[in-house]
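Here is a short report on one model. Look at the structure first, then read on.

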Amino acid sequence: MAPVYGIAACKGGQGKSTTVSNLARLCALYGARVLVVDLAQPGTATTSLRDIFPDGEFGELSGAMLSFQRLAPGARPDMARARAALEAMRLPILLQSQPSWSGGFVAALPWDELLGDAAAQLPSNLILRGLLDALAGAVDVVLMDFPAEGGPLLTNALAATDCVIVPLVPETPALEGLETTLRLLARGREAGHAIRLGGILLTRCDPKNKRAIEIVQTLRQSGEVEGEPLGQQLFRFAIRQNEFFEQAYRYGEPIWERSSNAAHWAGYVLLAEWLLRDAGLAHLAAARRGPALLAADTRILDIAALMLPEPEVRLSDFEAAHATSGAARAETARGRTGMGART
Ligand SMILES: Nc1ncnc2c1ncn2[C@@H]1O[C@H](COP(=O)(O)OP(=O)(O)O)[C@@H](O)[C@H]1O
Ligand SMILES: [Mg+2]
């Protein structure tokens with residue numbers, strides 16, 4: 001079964017959609033078959049991928065979900081019916097593969113305006129899960145842009161997700177959003193869904209901003225919140241603050257078409273590799289290529305070095321320092337559980 005990664009933040013502007021679209025392009029570049037599920041108004045993750053959208057008429061995910069309006073309360077759609085419901089909508093949409101992707105692809109279930117209303121009319125929170133299960137054999141990983149607001153669509157998203165990545169802009173109000181997101185995961189677990197926290201990713205991180213240091217220290221000292229040892233859940237690398245992500249979105253292009261400096265997206269390369277390994281696809285993660293082919297002196301924003309005069313370290317030094325943790329999270333001691341143990 002393809003693991004489902006939810007990119008979730010209860011506060012807007014944290015870089016959720018940017019993370020989804022960059023991860024999708026990068027994982028496909030490594031040869032993975034990626035499904036993007038865009039549940040976040042107004043469909044920014046989908047729009048970010050518009051350079052590779054095919055022409056043609058497609059139905060909507062809300063339509064596929066509504067075909068289960070008369071399902072028994074709390075039931076999960078069966079595979080054959082779920083597959084038929086998607087096919088009737090000509091979903092998912094297969095985006096245009098690039099020659100460099102060598103077998104990888106991105107398919108999408110784009111956001112549509114009726115999703116929220118549709119979810120509210122459904123008799124079960126397992127309908128999205130059922131639809132994704134029907135596609136699970138045809139893809140390697142699913143990336144879901146979570147709705148920012150609560151409600152039945154969010155409950156459907158939680159029930160369909162195996163692992164959550166929380167992007168976080170290092171600003172004080174974002175910490176409250178993080179707590180809300182963690183409460184949400186706890187609620188999902190209470191409802192019986194085996195959903196784990198993959199990690200917290202600092203995004204839009206300006207190494208000269210002292211707030212970033214304070215936030216990292218706060219997280220490291222905060223102990224457990226909703227059962228999660230926060231300090232150990234931070235990814236070691238952060239995503240740099242830079243203008244090229246916004247430009248890439250505006251022009252509907254990958255960031256590497258806007259800038260030639262790989263340091264701007266290197267954090268997402270490391271995140272894509274973490275995700276592929278976590279998903280049991282370590283053999284794909286080993287083959288860096290194209291825009292993921294980082295030079296040894298590419299600058300990585302290392303959150304362990306944030307308080308030092310030079311928080312950006314050479315990739316080779318970063319990888320040497322964190323070799324045992326797969327350059328992933330802040331602490332190595334955490335036992336790997338769930339899907340991570342498969343690799
Ligand atoms: N690392 C970054 N540096 C600078 N701007 C960024 C970065 N990541 C995202 N952005 C910009 O910040 C805004 C919010 O990002 P977005 O991914 O849409 O957040 P969310 O989906 O969480 O609301 C967008 O304009 C996006 O282009
Ligand atoms: Mg968004």
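## A glycine in a loop

Is Gly252 buried, exposed or partly exposed? Gly252 counts as partly exposed because it has 15 C-beta neighbours inside 10 Å. The cut-offs are these: a residue is buried if 20 or more other C-beta atoms lie within 10 Å of its own, exposed if 12 or fewer, and partly exposed in between, with C-beta atoms placed from the backbone.

This is a predicted model, in which local features need pLDDT of at least 70 and side-chain atom pairs count only at pLDDT 80 or more, while totals for chains, interfaces and linings use all residues. Residues are numbered from 1 along each chain as its sequence is written, chains are lettered from A, and ligands are numbered from 1 in the order in which they are written.

Gly252 lies in the loop between helix H10 (244-251) and helix H11 (266-278). Helices (H or I, at least four residues) and strands (E, at least two) are DSSP runs, numbered from the N terminus. Leu49 is 203 residues away from Gly252 along the chain, yet their C-alpha atoms are separated by 6.2 Å. Gly252 is also in contact with Thr47, Ser48, Arg50 and Asp51, leaving aside its neighbours within four places in sequence. Contact means that the C-beta atoms of two residues, placed from the backbone, lie within 7 Å.

## Around ligand 1

Ligand 1 has 18 residues around it. Lys16, Ser17, Thr18, Phe245 and Glu246 come nearest. A residue is near a molecule or strand if its C-beta atom, placed from the backbone, lies within 6 Å of it. Helix H1 (16-29) and helix H10 (244-251) are the elements that give two or more residues to this shell.

The shell has 4 nonpolar, 10 polar and 4 charged residues. Here Ala, Val, Leu, Ile, Met, Phe, Trp, Tyr, Cys and Pro count as nonpolar, Asp, Glu, Lys and Arg as charged, and the others, Gly among them, as polar.

## H1 against H11

How do H1 and H11 pack? Their axes come within 9 Å and cross at roughly 65°. H1 is therefore roughly perpendicular to H11. Angles under 35 degrees count as roughly parallel, over 145 as roughly antiparallel, 65 to 115 as roughly perpendicular and the rest as oblique. The axes are lines fitted to C-alpha atoms, for helices over the stretch in contact, and angles run from 0 to 180 degrees between N-to-C directions.

On the H1 side, the contact is made by Asn22, Leu23, Leu26 and Cys27. H11 brings Tyr268, Val269, Leu271, Ala272, Leu275 and Leu276. By class, that gives 9 nonpolar, 1 polar and no charged residues.

## H6 and its two partners

Helix H6 (residues 127-135) packs with H4 at an angle of about 90°, and the axes are 8 Å apart. H4 is therefore roughly perpendicular to H6. Met79, Ala82, Arg83, Ala85 and Leu86 in H4 meet Gly130, Leu131, Asp133 and Ala134 in H6. These residues divide into 6 nonpolar, 1 polar and 2 charged.

H6 also packs with helix H7 (residues 152-160), at about 45° with axes 7 Å apart. H6 and H7 are therefore oblique to each other. From H6 come Ile127, Leu128, Arg129 and Leu132; from H7 come Asn156, Ala157, Ala159 and Ala160. This contact has 6 nonpolar, 1 polar and 1 charged residue.

## Backbone exceptions

Most residues other than glycine have a negative phi, and most peptide bonds are trans. Which residues have a positive phi although they are not glycines? Arg90 has a phi of about 55°, and Arg204 has one of about 45°. Arg90 sits in the loop between H4 and E3 and is exposed, with 12 other C-beta atoms within 10 Å. Arg204 lies in the loop between strand E7 (196-202) and helix H9 (210-221). Arg204 is buried, because it has 22 C-beta neighbours inside 10 Å.

Two peptide bonds are cis: Gln41 to Pro42, with omega near 0°, and Leu91 to Pro92, with omega about -5°. Pro42 is in the loop between strand E2 (33-38) and helix H2 (44-48). Pro92 is in the loop between helix H4 (79-88) and strand E3 (93-94).
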